[in-house]
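Take a look at the fold shown here. Follow the strands and helices along the chain, then turn to the metal site.

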Amino acid sequence: MAVYKIVEIGDEILKEKAKPVKSINANIIKLLDNMADTLADAKGAGLAAPQIGVSKRVIVVDVGEGLYEMVNPQIINTAGQETDVEGCLSIPGLVGDVTRAATVKVRYLDRHGKEKNLTAKGMLARALQHEIDHLEGILYIDRAVNIRKLSKKEA
Ligand code: ZN
């Protein structure tokens, strides 16, 4: 178990486009394992590699439906629209309302290098879009309205 330090807003890496993973080697497996540990430790819904200072296209998401580990994830289809509240582990203490696709289809590689597709809706769809945005150097506050301090009710 290893928990990485989470990079916070102001760090340039959060604005950079992350690099595609060329091959899934032992380093990537270790990165996935440690990102999952970091996500669990932070009690977050998702984490992207740039958030721990690594400019690679790797995300982990867990909204309570099990852990998803994705290498080189791409949104290949979207449907509908939904607005809901979001926060970010790299922007402590704030939340905002973000409009995103209600349903997304994501293509990615799993830890074995196998190509997979996932169609997600609700919280999972939102978390995937948020994390894939991180790989493009986009933060939720770039899209959000009504950015406010996290209240006890929303914590
Ligand atoms: Zn985030």
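Two strands count as a pair if DSSP finds at least two bridges between them. Keep that rule in mind for what follows. The model is a predicted one.

Strand β2 covers residues 58–61 and strand β3 covers residues 68–79. Four bridges join them, so they count as a pair under the rule of at least two bridges. The two strands run antiparallel. Within this pairing, valine 60 faces glutamate 69 in β3.

β2 and β3 belong to an open sheet of five strands. Its order is β1-β2-β3-β6-β7, and the pairing is antiparallel. Which strands form the edges? They are β1 (46–48) and β7 (115–121), and each pairs on one side only. On average, neighbouring strands of this sheet are turned by 35° against each other, with direction ignored.

Two helices pack on this sheet. Helix α1 (residues 26–42) touches β1, β2 and β3. Its direction makes about 35° with that of β2. Helix α2 touches β1, β2, β3, β6 (103–109) and β7. The direction of α2 makes about 155° with that of β2.

How many bridges join β6 to β7? There are seven, and the strands run antiparallel. Tyrosine 108 has lysine 116 in β7 as its bridge partner. The hairpin of β6 and β7 has five residues between the strands. In this hairpin, glycine 113 takes a positive phi near 85°.

## The three-stranded sheet

A further open sheet has three strands in the order β4-β5-β8. Its pairing is antiparallel too. β4 and β8 (145–149) stand at the edges. Each has a single partner strand, so one side of each is left without a neighbour in the sheet. The twist averages 20° from one strand to the next.

β5 and β8 pair over three bridges, in the antiparallel sense. Here leucine 94 stands opposite lysine 149 in β8. Helix α2 packs on this sheet as well, touching β4 and β5. Its direction makes about 55° with that of β4.

## The zinc site

Now to the metal. Which residues are the protein donors of the zinc ion? They are Cys88, through SG, and His130 and His134, each through NE2. These donors lie 2.1 to 2.2 Å from the ion. Along the chain they follow the spacing C-x41-H-x3-H. Cysteine 88 sits in strand β4 (residues 82–88), while histidine 130 sits in helix α2 (residues 122–135). The two are 42 residues apart, and the pair links distant parts of the chain.

Is histidine 130 buried or exposed? Its relative accessible area is 6%. Buried means under 20%, so histidine 130 is buried. Cysteine 88 is buried too. Leaving aside residues up to four places away in sequence, histidine 130 touches Glu86, Gly87, Cys88, Arg100 and Tyr140.

## The largest pocket

The largest pocket has a volume of about 580 Å³. It is lined by 23 residues. The closest to its centre are Ala45, Val85, Glu86, Gly87 and Cys88. Cys88 is also a zinc donor. β4, β5 (91–100) and α2 each supply at least two residues of the lining.

Most residues other than glycine have a negative phi. Lysine 43 has a positive value, and it is not a glycine. Asparagine 146 also has a positive phi without being a glycine. The table sets out both.

| Residue | Phi | Place | Relative accessible area |

Definitions and conventions
Residues numbered from 1 in each chain as written. Predicted model: local features only at pLDDT ≥ 70, side-chain atom pairs only at ≥ 80, totals over all residues. Heavy atoms only, no water. Donors = N, O, S within 2.8 Å, 3.2 Å for Na, K, Ca; no water. Buried < 20%, exposed > 50% of the residue type's maximum accessible area, 1.4 Å probe, protein only. Axes fitted to C-alpha atoms, helices over the stretch in contact; angles between N-to-C directions. Contact = heavy atoms within 4.5 Å. 1 Å grid on protein atoms, 1.4 Å probe; cavity = no way out; pocket = protein on both sides within 12 Å on 5 of 7 lines; lining within 4 Å. Points joined across faces, edges and corners; volume = space filled by probe spheres on them.
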